[in-house]
Amino acid sequence: MSEISFCASPKELRDVLEFVFTETDIEVYDTYSEFDKELRKFDSADAVLDAHGIKTTELQDCEGFRIAFYSPSVMKRRIITTIHLKKEKETDPTLRYMIEGWALIFFSFGGIQDGWLRSSDFVHNSEKRAKKWEDTLGKKFGPVSDVNWDALQQLSK
């Protein structure tokens, strides 16, 4: 598993997202949908920032968030899984969605609290780790050998 932690201002976050959208084939998704709504796929850095209430013009407190990067050149398919929720009251939500796959990159923006940047990170599976789970998740995710692990490492850098 590869993980890199860093601190980033909202402006730096925007720069990273701009790079992702303009220089790679990465598609950007929420990791989980809101209750009873489809999983959001974003088409621009501004769409991600707007969805999470992040302003790049000033350093103000803001909540963090987590998104998933999917690259068709790394992995042939990404899986959108429906999570059926236990409903106890009539008004309770019934479902939500999540994105899954061997070689997704999960990007977490830590946000800002009391004027301080909180730690951000990105993480993805390694081929070695995925092979350990192939017997358990291979039926759902497909063969680990279908992933272009070299391409994932290039994107990760």
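Colleague: Which elements each supply at least two residues of the lining of the second largest pocket, and which of them gives the largest share?

Modeller: The model is predicted. In it, the second largest pocket has a volume of about 250 Å³. Helix 1 (10-23), strand 7 (105-109) and helix 4 (149-156) each contribute at least two lining residues. The largest share, three residues, comes from helix 1.

Colleague: How many residues of that lining are nonpolar, polar and charged?

Modeller: The second largest pocket is lined by 13 residues, and those closest to its centre are V16, V20, F122, L155 and S156. By class, the lining of this pocket divides into 10 nonpolar, two polar and one charged.

Colleague: Which residue is the bridge partner of Y29 in strand 4?

Modeller: Strand 2 (residues 27-30) pairs with strand 3 (residues 41-42) in the antiparallel sense over two bridges, and there V28 stands opposite F42. With strand 4 (residues 65-70), strand 2 also pairs in the antiparallel sense, over four bridges. In strand 4, the partner of Y29 is A68.

Colleague: Is T81 buried or exposed, and with which side chains does the side chain of T81 make polar contacts?

Modeller: T81 belongs to strand 5 (residues 79-84). Its relative accessible area is 15%, and buried means under 20%, so T81 is buried. Beyond its neighbours within four places in sequence, T81 is in contact with R96, Y97, M98, E100 and K140. Polar contacts join its side chain to those of two residues from this list: at 2.3 Å, E100, and at 3.3 Å, K140.

Notes:
Residues numbered from 1 in each chain as written. Predicted model: local features only at pLDDT ≥ 70, side-chain atom pairs only at ≥ 80, totals over all residues. Heavy atoms only, no water. 1 Å grid on protein atoms, 1.4 Å probe; cavity = no way out; pocket = protein on both sides within 12 Å on 5 of 7 lines; lining within 4 Å. Points joined across faces, edges and corners; volume = space filled by probe spheres on them. Nonpolar A, V, L, I, M, F, W, Y, C, P; charged D, E, K, R; others polar. Pairing = 2+ DSSP bridges. Buried < 20%, exposed > 50% of the residue type's maximum accessible area, 1.4 Å probe, protein only. Polar contact = N/O pair within 3.5 Å; in protein donor to acceptor, adjacent residues only side chain to side chain. Contact = heavy atoms within 4.5 Å.
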